[in-house]
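Me: I have a structure open and would like to learn how to read it. Could you take me through some features, one at a time?

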Amino acid sequence: MGAGDRRLTGRGADVLVAGGGPAGWSAARACARRGLAVTLVDPHPDRRWRHTYGAWADEVPLSGPDALPGPVVAASGPGFAIARRTHPLAGDYAVLDTGALQHALCDPDVTVHRDRVVGVGDGAAVLDGGTRLAAPLVLDATGAAQTLSLSRRRVAGAAEQTAVGVIVPSAVAARVTGGRLVFMDWRPLHGRPGWPTFLYAIPLGGDDWLLEETSLARRPGLPLPELTGRLRRRLLACGLTEDEIPLDDRSRVEHVRFAVDTPAHRSPAGVVPLGAAASLVHPATGYSLTHSLAVATRLADALITRPDHAERVDAAGRAVRPAAGRVVHAMRRRGLDVLLRMPPSDVPEFFERFFSLPAVAQRGYLGAHDDVRASMRAMLSVFVHLSPRLRGHLIAGSLLGGGSDQTGRDGE
């Protein structure tokens with residue numbers, strides 16, 4: 001259905017999206033492509049996205065109704081993980097061109113308002129500037145802040161993924177990685193004790209590579225200055241010189257900090273959360289992009305079969321967070337709590353065992369967002385392949401439940 005065939009349901013939009021990040025634009029684009037009238041509200045709609053996005057290559061939608069154009073994939077190929085040994089990844093890994101992704105998702109058929117949604121009521125979204133926009137369905141894509149939640153509050157001690165990366169020429173990166181895409185390198189070449197971190201090294205397209213020191217998850221997140229120091233020491237240990245590590249050049253540095261265990265809060269009537277606001281971030285990896293893309297397609301397909309507003313809201317909620325997806329996410333959050341309770345020295349050994357699993361088990365845990373059986377088989381396979389000591393940690397962590405108080409001084 002083209003733009004000229006839009007189905008308008010009275011005045012205003014069929015769908016209003018609050019938030020102009022990847023999750024918000026994915027949904028806005030998918031709905032607009034099906035002829036729905038879509039309005040997106042964001043205080044800075046022209047702001048460039050700066051984070052680097054990676055995904056399993058077979059999860060990037062390059063065909064179908066919401067296909068991304070091929071140039072969105074900056075690089076794709078086999079990758080490796082290093083714990084005690086080097087392991088090939090279970091499937092090709094893709095790195096996306098962030099600028100091309102933003103351009104592809106920002107659909108011109110979506111009406112954009114430069115403002116902020118601060119409330120919803122009586123079938124309208126209330127903007128910060130005082131304007132009210134008719135909106136029978138509002139999608140809350142405001143991220144972990146969950147701006148429209150009825151119980152909005154920052155969770156004390158949220159587990160965060162933090163990272164500091166530097167962009168270097170491919171020839172410089174090759175002296176660190178041997179020219180290989182490295183998903184995780186847990187070797188403690190930074191020489192720092194305490195909570196373990198790993199190197200994430202990926203091609204960005206052209207001659208650029210990103211070398212990033214990453215803390216997978218921690219309560220609270222490992223501080224960025226600590227990660228900056230670890231990255232510098234790691235790269236110096238690999239033979240680079242200070243001049244080859246441009247950590248003082250802001251244009252060549254990436255800083256990452258986001259929560260990986262944001263709980264789903266209650267939303268007002270007519271509001272359906274998306275992305276991080278819907279707790280769609282994978283607790284074990286921090287990934288959410290390709291899941292958001294898949295959810296956007298499912299959501300838009302559900303909406304065009306429901307002419308009634310109330311039915312659309314219910315259908316949207318089920319499309320974004322089906323019952324199976326909620327179960328899988330709860331299982332993975334418990335797995336995150338167990339990992340955070342593990343002694344730091346055992347974390348690399350845990351990943352040594354994980355990356356020794358069959359490919360189907362690895363992908364069952366790293367993907368399969370709505371497949372309860374695949375997730376359960378993957379978690380069981382992980383447990384079976386662990387050493388007795390690590391099994392004991394998992395059992396103890398499961399019995400203790402969430403809310404790890406794992407803290408510590410920087411680097412400890």
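Reply: Gladly! Two strands pair if DSSP finds at least two bridges between them. Helices (H or I, at least four residues) and strands (E, at least two) are DSSP runs, numbered from the N terminus. This is a predicted model, where local features need pLDDT of at least 70, side-chain atom pairs count only at pLDDT 80 or more, and totals for chains, interfaces and linings use all residues. Residues are numbered from 1 along each chain as its sequence is written, and side-chain values use heavy atoms, with hydrogens and water left out.

Me: In what order do the three strands of the open sheet lie?

Reply: Strands of a sheet pair through backbone hydrogen bonds, either parallel or antiparallel. Here the order is β3-β7-β4, with antiparallel pairing. At the edges are β3 (54-56) and β4 (73-77), each pairing on one side only. Strand β7 (residues 93-96) is joined to β3 by three bridges, and V95 in β7 is the bridge partner of G54.

Me: Which strand pairs with β1, and in which sense?

Reply: β1 pairs with strand β2 (residues 38-42) in the parallel sense, over four bridges. V15, for example, has V38 as its bridge partner in β2.

Me: Are the faces of strand β1 covered or open?

Reply: In a regular strand the side chains alternate between the two faces of the sheet. In β1 (residues 15-18), V15 and V17 are on one side, L16 and A18 are on the other, and all are buried. Buried means under 20% relative accessible area, exposed over 50%, and partly exposed in between (1.4 Å probe, protein chains only).

Me: How do helices α1 and α5 pack?

Reply: Two packed helices are described by the angle between their axes and the distance between the axes. Axes are lines fitted to C-alpha atoms, for helices over the stretch in contact, and angles run from 0 to 180 degrees between N-to-C directions. For α1 (residues 22-33) and α5 (residues 289-304), the angle is about 30 degrees and the axes are 8 Å apart. Their crossing is right-handed: a crossing is left-handed if the near helix is turned anticlockwise from the far one by less than a right angle, and right-handed if clockwise.

Me: How do α7 and α10 cross?

Reply: The axes of α7 (residues 323-341) and α10 (residues 372-385) come within 9 Å and cross at roughly 20 degrees. That angle is why α7 is roughly parallel to α10 (under 35 degrees counts as roughly parallel, over 145 as roughly antiparallel, 65 to 115 as roughly perpendicular and the rest as oblique). This crossing is left-handed. The residues in contact (heavy atoms within 4.5 Å) include M331 and R332 of α7 and S375 of α10.

Me: Is R332 buried or exposed?

Reply: R332 is buried, with a relative accessible area of 3%. Beyond its neighbours within four places in sequence, R332 is in contact with several residues, including H282, Y365 and H369.
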